[in-house]
Amino acid sequence: MFEAPSLLFAAAGLAVFAAALLPRLLVRAPVSMPMVFLAAGAVIFALADTLPDPDPVAHSAATLHLSEICVIVSLMGAGLALDRPLGFRRWATTWRLLGIAMPLSLLGAALLGWSVLGLSAAGAVLVAAALAPTDPVLASEVQVGEPSESQEDLEGEDEVRFGLTSEAGLNDGLAFPFVYLAIALSVVGTAPGAWLPHFLSVDVAWRIAVGCLAGVLVGLLLRRLFFRSRLDSVRTTAQTEGFVALAATFLTYGLTEMVEGYGFIAVFVCAVTIRAGERVHGAHGVLHSYIEQLERLLTVVVLVLLGGAVARGLLAGLSWREVLVAAAFLLLVRPLAGWISLLGGRTGPWERGVLAFFGVRGIGSIYYLAYALSEGEFAAEDQALWRIVGLVVVGSVLLHGVTAGPVIAALDRARERKAREETGSEEAAPRTAI
């Protein structure tokens, strides 16, 4: 009979090996790496009853910090990968998704939680805050790839990949005010005078401003060290040792959280600021490659544990109302909100549909829920909250995992055809709207 420690080591080795191979093997296939590891976790924990129970309620602190690290690492990778310079017009798709789609998604999810599931006001707001942001971790199939290292390639980002990556980079931080609002409602009640002043002045204005400012300042400092330091050893280390990207991630996040800012915003802004200093420098590829590998490893761990939690009863007691709400959010609320937000923008109808549909839910949702449950008073609803959030995350992994490869491949082919029709050239224009 195999002992649990040896079984865990063998399983860990296989999981890491698979994490290295699967992204290439599954490219364009109707199966994603998150689907594989979610299923693997469910099977492993269902068969190996000697393994500890990965219940996120019982192990709330571990769930909180593991998902937190996974998200901030992913945000650094997303920011480093973006080729497009920051600008109001250039990022118009991003601003539309953040300013229109996200509030509509928040409103839709909150109404579903309150009216259909019968959650309290605090619980409904928490569900909305956890589910509204597009996840930066599990959306790799529909996000930009490696940072470009030549001036000619900087125009290579198509609107879909750029929009989903930039949205995921910023909306995780912008969801946090509503997490704090849910916590406040659970503690002080729903009377506006008890929570509104603090919500507007601190949770919205102060924390967002500090997150943006801290990200810019730390990013400026680090990019000066990375690219313009007078010490050759400092420049060489920063440009050849990818793990300094992890140092930048933790430093930015820690300093921002110390002054009560949103660390998620700060990490993404820091990464974008570093990238802006030397847009085609080879160091960006080194930093991004390290972060991507670390993100993949952390994602495997979280997904295996999530699959195990599902197998061990995370969704026990699931009702048809919860299934209905999860399906409505994934198939109606986010797609409609995304479509409305992009009307009149720079995207064509096909791109608009893909951007609206692929609002992937994942590790960020787990973090927000774990954080709120650790700070607020949701004891009467914690199991129900975990069921609905867990169901939406699992549903997103399956739904978007099956469709991402084929849909993105079809979109690329359509864009290439239109570019050839318009220019007569065999080379496609990646940013041709379709």
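In α6, the residues Glu-159, Val-160, Gly-163 and Leu-164 meet Glu-351, Val-354 and Leu-355 of α14, where contact means heavy atoms within 4.5 Å. By class, this contact of α6 with α14 has 4 nonpolar, 1 polar and 2 charged residues; Ala, Val, Leu, Ile, Met, Phe, Trp, Tyr, Cys and Pro count as nonpolar, Asp, Glu, Lys and Arg as charged, and the others, Gly among them, as polar. The model is predicted, with pLDDT of at least 70 needed for local features and 80 or more for side-chain atom pairs, while totals for chains, interfaces and linings use all residues. Numbering runs from 1 along each chain as its sequence is written, and side-chain values use heavy atoms, with hydrogens and water left out.

Two packed helices are described by the angle between their axes and the distance between the axes. Helices are DSSP runs (H or I, at least four residues), numbered from the N terminus. Axes are lines fitted to C-alpha atoms, for helices over the stretch in contact, and angles run from 0 to 180 degrees between N-to-C directions. For helix α6 (residues 159–174) and helix α14 (residues 349–357), the angle is about 25° and the axes are 10 Å apart. α6 and α14 are therefore roughly parallel to each other, a term for angles under 35 degrees; those over 145 count as roughly antiparallel, 65 to 115 as roughly perpendicular and the rest as oblique. The crossing of α6 and α14 is right-handed: a crossing is left-handed if the near helix is turned anticlockwise from the far one by less than a right angle, and right-handed if clockwise.

The contact of α3 with α11 divides into 14 nonpolar, 1 polar and 2 charged residues.

Thr-63, Leu-64, Ser-67, Glu-68, Cys-70 and Val-71 of α3 here meet α15 residues including Ile-363, Tyr-367 and Tyr-371.

On a 1 Å grid over the protein atoms alone, a cavity is a set of points where a 1.4 Å probe fits but cannot get out, and lining residues have an atom within 4 Å of a point. Grid points are joined across faces, edges and corners, and a volume is the space filled by probe spheres set on the points.

The largest cavity has a volume of about 90 Å³. Of its 13 lining residues, Leu-138, Glu-141, Val-360, His-400 and Gly-401 lie nearest its centre. Helix α16 (residues 382–423) gives the most to this lining, with 5 residues. The lining has 8 nonpolar, 4 polar and 1 charged residues.

The second largest cavity holds about 30 Å³ and is lined by Ala-109, Leu-112, Val-127, Leu-131, Val-325 and Phe-329. At least two lining residues come from each of α4 (92–115), α5 (121–131) and α13 (320–342). This lining comprises 6 nonpolar residues, with no polar and no charged ones.

Technical notes. On a 1 Å grid over the protein atoms alone, a cavity is a set of points where a 1.4 Å probe fits but cannot get out, and a pocket is an open set with protein on both sides within 12 Å along at least five of seven lines; lining residues have an atom within 4 Å of a point.
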